[in-house]
Amino acid sequence: MTAIRNPDWRKRLPIGLQPYFQKSAIAALLLGVSSGFPFAMIAATLTTRLAQSGIEKSTVTLFALTFLAYNFKWIWAPIVDVVKLPIIGRLGQRVSWLIFVAILVAVSIIVLGTLDPKADIASVAIAAICVGIAGATFDIVIDAYRIELLKPEELGVGSGMSQYGWRMGAAGAGSLALVVAARSDWATAYYACACFSLFAVFTGLWMGEPSRRKEPQKLTNPVQAAIAYVSPLIEFFKRSGAVVVLIFVLVHKIGDTLANLTFRLLFEDLGFTNDEVAFYDVGLGFIALLVGIFIGGIIYARFGMKKAVMLSLILMMVSNLSFAGLAAIGHNNWAMAGAIGFENFASGIGGVAVVAYISALCNLQFTATQFALLSAAASIIGRFLTGTTAGQLIDSFGFVNFYLLTTLAALPGCIIFWLMIRSGLVDRSLGDVGSKDGEQEADIFA
């Protein structure tokens with residue numbers, strides 16, 4: 001206990017570990033836990049639940065459309081930036097929204113857990129959409145809070161810790177749901193997972209309002225409200241090469257998103273049990289992700305953001321090939337371990353580099369709206385394709401050719417970012433999140 005009370009205890013750690021134990025980094029970790037678990041409830045967990053209920057593949061993949069709330073969250077993100085909640089708003093703009101939305105997320109997940117897919121698939125779809133909307137709004141608040149909490153030099157570590165937390169929340173809720181459902185029922189599993197929303201509430205009450213937050217202009221009439229709504233988008237698109245940057249954000253995760261949202265279908269098709277999925281996909285995958293995030297932090301610090309992003313894009317593209325190999329081999333635990341391990345390792349590196357870049361694109365006055373726009377754009381095409389065509393592609397071409405296709409789909413993102421580096425557009429596109437007193441931290445983003 002003495003070491004913990006000593007304010008210098010972090011200095012006793014290896015230099016590479018010290019940044020990960022700062023208060024802001026730990027806060028980013030806890031926020032990530034709450035951010036990740038609603039997604040898991042309507043992603044892998046719901047996919048497994050529907051598959052075990054005998055729902056056909058085309059219907060299961062159609063549920064990917066419930067994630068579209070995450071892609072359109074920028075539409076209502078300005079509300080989170082400018083609207084002050086009554087009563088609890090005294091705690092601060094970000095903290096009050098954290099508490100309010102945490103309650104919405106927990107309630108929507110509990111409702112989803114009470115419904116039976118066999119009896120009423122339409123009601124399950126509506127409930128899943130509600131979870132998606134609540135979870136997307138949770139992301140808006142959590143991302144804005146995290147970005148405003150971190151200093152420019154902390155973006156890389158903060159992004160990494162946020163990814164640690166996101167996967168802890170997704171993996172923890174996903175594995176808990178599988179274990180509880182196997183021993184009780186799916187309703188009880190969803191009730192238990194709803195508690196993951198409390199991590200963000202605790203963080204907000206612990207850290208308080210972020211010091212870097214810039215208060216928006218007070219609204220007194222409809223004209224000012226309209227201006228406030230469009231100002232974040234106008235500010236972004238006035239930057240040099242903003243359209244090219246947005247195109248990159250739109251396409252860089254197509255292959256990764258297409259692949260990730262169909263993994264559980266592959267596992268079910270190959271005959272893996274719930275315990276095998278929990279051990280390899282959730283357990284081993286999580287360990288590989290932790291290693292990837294840690295290595296990603298080292299790469300980011302040593303080689304700079306641009307090289308880190310480029311490397312992560314290549315690794316994420318190649319990782320899809322491992323699932324083509326798994327599909328060709330069949331039910332093999334070693335092949336599953338290799339595919340899951342490499343994919344999560346690559347995602348860990350990408351979670352540090354790409355998230356740090358997208359965070360650095362934001363303006364502190366419009367953090368919630370701009371990050372919501374950019375993070376939503378990052379996966380909208382992949383999710384739309386998954387929901388509308390992935391099931392048919394798998395049925396028509398098989399899993400092997402499907403994952404080869406997702407590998408090719410990731411190539412344009414790599415090419416565009418390489419061209420952005422060559423032209424200097426990556427540097428020119430950054431907002432003031434990655435700067436001190438308006439000047440970019442060149443050593444961080446080199």
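**Exercise 1. Which side chain does the side chain of Glu276 join through a polar contact of 3.3 Å?**

Before we start, a word on the model: it is predicted, so local features need pLDDT of at least 70 and side-chain atom pairs count only at pLDDT 80 or more, while totals for chains, interfaces and linings use all residues. Residues are numbered from 1 along each chain as its sequence is written, and side-chain values use heavy atoms, with hydrogens and water left out.

Solution. 
- Step 1: Find Glu276 in helix α16, residues 274-303. Helices here are DSSP runs of H or I with at least four residues, numbered from the N terminus.
- Step 2: Check its accessibility. Glu276 counts as buried because its relative accessibility is 18%; buried means under 20% relative accessible area, exposed over 50%, and partly exposed in between, with a 1.4 Å probe and protein chains only.
- Step 3: Look for the partner. The side chain of His331 makes the 3.3 Å polar contact with that of Glu276. Such a contact is a pair of N or O atoms within 3.5 Å; within protein, one must be able to donate a hydrogen and the other to accept it, and residues adjacent in sequence count only if both atoms are side-chain atoms.
- Step 4: Widen the view. Not counting residues up to four places away in sequence, Glu276 touches Gly271, Asp281, His331, Asn333 and Met336, where contact means heavy atoms within 4.5 Å.

**Exercise 2. Describe the lining of the second largest cavity.**

Solution. 
- Step 1: On a 1 Å grid over the protein atoms alone, a cavity is a set of points where a 1.4 Å probe fits but cannot get out, and lining residues have an atom within 4 Å of a point.

**Exercise 3. Work out which backbone oxygens the side chain of Gln93 approaches.**

Solution. 
- Step 1: Gln93 sits in helix α7 (residues 93-114), and it counts as buried because its relative accessibility is 9%.
- Step 2: A polar atom of the Gln93 side chain lies 3.4 Å from the backbone oxygen of Asp81. The side chain of Gln93 also reaches the backbone oxygen of Val83, at 2.8 Å.
- Step 3: For contrast, turn to Ile87 in the loop between α6 (77-82) and α7. Ile87 is exposed because its relative accessible area is 73%, and its phi is near 65°, a positive value in a residue other than glycine.

Key: Helices (H or I, at least four residues) and strands (E, at least two) are DSSP runs, numbered from the N terminus. On a 1 Å grid over the protein atoms alone, a cavity is a set of points where a 1.4 Å probe fits but cannot get out, and a pocket is an open set with protein on both sides within 12 Å along at least five of seven lines; lining residues have an atom within 4 Å of a point.
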